[in-house]
Amino acid sequence: MEDAENQLDDETYQHDIPEEEEKPSKNVLTTEMVNSWCKSIREDEKLSAVHSIMKAFRTACHYGDDTGTDSSAKFAVMSSSVFNKIMLFTLSEMDRILRKLLKLPASGGKKETIIELMNTKQWKNYNHLVKSYLGNALHVLNQMTDTKMISFTLRRLQYSSVFLAAFPSLLRKYIKVALHFWGTGGDALPVVSFLFLRDLCVRLGSDCLDECFRGIYKAYVLNCHFVNASKLQHIQFLANCVIELIRVDLPTAYQHAFVFIRQLAMLLRDALNMKTKEAYRKVYEWKFINCLELWTGAICTYSSEADFRPLAYPLTQIISGVARLVPTARYFPLRLRCVKMLNRISAATGTFIPVSMLLLDMLEMKELNRPPTGGVGKAVDLRTTLKASKLILKTRAFQEACVISVVEELAEHLAQWSYSVAFFELSFIPAVRLRSFCKCTKVERFRKEMRHLIRKIEANDDFTNERRASVTFLPNDNAATSFLEDEKKMGTSPLSQYVTTLRQRAQQRNDSMMESSVLVGEKSAVFGKKLDQIPDGDEEDDIKNDDGATVFSSSWLPGGDSRYVLSCHICPSLKKKGMEQDEGVGDDEDVVEDLVLSSDEDEDEEDTAEEDGNEEQLGGSRQQNKKQKPKNLSNKN
């Protein structure tokens, strides 16, 4: 009986094999098929060839997905060379094809153009091609592992970004993906992702401005939890991107900036009222200080704009409160950062901010008046330090770094008003306290630095007093604002010339303390320089085929676990995040939600409910990434 059943099963299996072999043999995508479709589209503009290439594009984007028995899939098997050819042709030519079918201009367009187009017959006939192109391209973006491939794909999709006005669900997904690549990508990917986001904001306006502003601020906070010498440029690049995006719509950006600055003020208020270690830690951590740096840069950039100038006063109050929150010597680096921000705001807005007392109070603390007892110590980089340890506090290197920084910032502050008719009165108290420090300090090199600064202040007093002796206007006269205006443009005051020398010395010191030339995001750190290297318009059209042929020349095909590999591949420095911590601050207490709008979480839940499930959310993949690590990670990277 058993032998008979086995024989029957073998006969049935042998009859089934030919049927299974014949079925996929008709679904194999070959290079000849793709070439024929491409030729038909380029030469004859056949619509049937467009439909065929779009079906092949869908197959390529979803290749490797667990689709089960999907009878709607026309093609099922392809090689890597066929995949590359399909991706290159579709990404390079589909925008031109769609615009021709929909009778749109060859490039550009605004949201209003798409809204008018949605009522036409062309849109009803061909909108499924637009949605298929954008949806499948989004899906394959989540699968790609090579940063150059992702950059090329995003750069080509940027030409078709205006079509996202007709698909709000896809628009939200594209914003999330672009923000993810902007914050964690390597090489030129952050720049390409930002240009994609900025193009969305310019073309679609209010449809994506709010979400982009909130999203890019969240991404910035997520990427500035800690600072070291190798991450300074990357954080500065991210801040420059946020400031550049604000330029798109200043009135709308003001509303968001006001809310975000108010959040910082609420955290400071809690620290002042509660006076607990946890409340202090929420203020004295890198993400809080980097947010202050971000808004300082934004206000300095748009200080002449009526929409942003009113934010200077509340931000100044917050920075001053942070500097005075814990007035101990261990937080000298943080106080110096706050003073530097206040000096920047004062210079940009032309408003007097009393920062000299913050600096002079530091000189009266015993830690800077006594000879060091902890030896020479290593060089201290105040740009990457918020709180000094007790051992570092007693070293000569820390004392020198603090005193030299006090001299530099005090000279910067006084130089801003070295052309004021009231400079003598303004500099009188600082000069008296500096002389007192020279008498009290037991360190000869500190005394030498202070005497040099005092001499410059006295020379500037003579410079202004000599010229104001002949003026006839009163101190409250508007003519006082034009006092020494010509000399200010030429920078001829003694303090201005002294500050120029100090800046050069500080730059040399910072360069010498740079430990490594291999930086995170080194190639994308300088925003202006990188933008100049990004081709646009006709120039990019000329090189797109060569660029794409180079990018899509590997044997890569979409796979199952590639999304996890992507997150680790494009930002390997994140592996060190748990190893590099600020002293006194624990990772488990570093909560991002403190600086995030609570309403955003509700909106994200609504967005998830509306999505059709074509692509996975990046947030979910991040949580999954923390739980598992693929064994073949090193091979794929």
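The biggest contributor is helix H20, residues 423-440, which gives 4 residues to the patch.

Ile429 sits in helix H20.

Leu360 belongs to helix H17, which covers residues 356-363. Its relative accessible area is 1%, and because buried means under 20%, Leu360 is buried. What does Leu360 touch, apart from its neighbours within four places in sequence? The contacts are Leu410, Pro430, Arg433 and Leu434. As for Leu410, it is 50 residues away from Leu360 along the chain, and the two C-alpha atoms are 8.6 Å apart.

Next, confidence. The mean pLDDT for the protein is 79, and 76% of the residues reach at least 70. Helix H15, residues 312-325, has the highest confidence, at 96, while helix H29, residues 633-636, has the lowest, at a mean of 37. Two stretches need a mention here. Residues 11-26 have a pLDDT below 50, and beyond near neighbours in sequence they make 0 contacts in the model. Residues 516-544 are also below 50, but that stretch has 43 contacts beyond near neighbours in sequence. Where pLDDT is low, predicted coordinates should not be read in detail.

Technical notes
Residues numbered from 1 in each chain as written. Predicted model: local features only at pLDDT ≥ 70, side-chain atom pairs only at ≥ 80, totals over all residues. Heavy atoms only, no water. pLDDT = per-residue confidence, 0-100. Helix = DSSP H or I, 4+ residues; strand = E, 2+ residues; numbered from the N terminus. Contact = heavy atoms within 4.5 Å. Buried < 20%, exposed > 50% of the residue type's maximum accessible area, 1.4 Å probe, protein only.
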